[in-house]
Amino acid sequence: MADEVYQDNIYAKGSAFYSFKKVLSEMGPPYSKTVELASFHSISKGFMGECGFRGGYMEVINMDPEVKEQLVKLVSVRLCPPVSGQILLGALVDPPQPGEPSYETFMAEKKAVLSTLAHKAQLTQEIFNKTPGIHCNPVQGAMYSFPRIDLPPRAITAAKV
């Protein structure tokens with residue numbers, strides 16, 4: 001299972017998003033013909049919906065036919081997202097292309113949102129690193145930081161007692 005929601009939110013220089021489907025395909029047989037893959041994408045995260053709108057999709061590759069049959073049943077009885085989520089999902093999978101009237105506006109808004117998210121990620125890292133006893137590696141993408149808390153020896157001793 002591959003959560004590929006944050007593929008546009010890559011901040012670290014020299015880093016890029018690599019689709020699990022593409023990597024699996026490039027591995028060639030027997031892997032590309034046998035490894036089961038379920039890849040997920042959503043407007044609920046990333047840069048479009050930012051935790052407000054709901055909608056997404058899943059692509060399955062090499063899934064066991066009996067499992068896929070049960071998955072289709074499960075998905076068929078679920079409710080669909082509201083209209084606004086469906087519209088955003090359409091824009092996610094088919095964004096404006098160069099030369100189309102809304103392309104420049106779309107790209108400017110996308111860049112502004114992603115830039116703001118990258119700035120917030122940087123601020124989070126800086127604030128953690130200013131706090132005594134907390135260390136945080138650079139946030140490379142998405143909105144997740146992983147701080148390390150160094151407990152003082154006295155706190156460890158007290159906990160043991």
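Author: We take the domains, then their interface, then some local features. Keep in mind that this is a predicted model.

Reader: Into which domains is the chain divided?

Author: Domain 1 covers residues 1–94, and domain 2 covers 101–160. Their C-alpha centres lie 25 Å apart. Domain 1 brings 11 residues to the contact, and domain 2 brings 13.

Reader: How do I read the area buried between domain 1 and domain 2?

Author: Look at the total, then at the atoms behind it. The buried area is about 1,000 Å². Carbon and sulfur atoms give 68% of that.

Reader: Which three residues of domain 1 supply more of its buried area than any other three?

Author: Y6, Y11 and F47. Together they supply 59% of what domain 1 buries against domain 2.

Reader: How many salt bridges are counted between domain 1 and domain 2?

Author: One. A search of the whole structure finds four.

Reader: Which residue does K110 pair with in a salt bridge?

Author: K110 pairs with D8. Their closest N and O atoms are 3.4 Å apart, and the cut-off is 4 Å. Now place both residues in the chain. K110 sits in helix α5 (residues 103–130). D8 sits in the loop between β1 (2–3) and α1 (20–27). The two are 102 residues apart, so the pair links distant parts of the chain.

Reader: How many residue pairs are in polar contact across the interface?

Author: Six, with both residues of each pair at pLDDT 80 or more. On the side of domain 1 that touches domain 2, six residues are nonpolar, two are polar and three are charged.

Reader: Which backbone values deserve a second look?

Author: Most residues other than glycine have a negative phi, and most peptide bonds are trans. N62 has a phi near 60°, a positive value in a residue other than glycine. N62 lies in the loop between β3 (56–61) and α3.

Reader: What kind of peptide bond joins P29 and P30?

Author: A cis bond, with omega about 5°. P30 belongs to the loop between α1 and α2 (31–34).

Conventions. Residues numbered from 1 in each chain as written. Predicted model: local features only at pLDDT ≥ 70, side-chain atom pairs only at ≥ 80, totals over all residues. Heavy atoms only, no water. Domains from an automatic or database assignment. Contact = heavy atoms within 4.5 Å. Buried area = accessible area lost by both parts, 1.4 Å probe. Salt bridge = Lys/Arg side-chain N within 4 Å of Asp/Glu carboxyl O. Polar contact = N/O pair within 3.5 Å; in protein donor to acceptor, adjacent residues only side chain to side chain. Nonpolar A, V, L, I, M, F, W, Y, C, P; charged D, E, K, R; others polar. Helix = DSSP H or I, 4+ residues; strand = E, 2+ residues; numbered from the N terminus.
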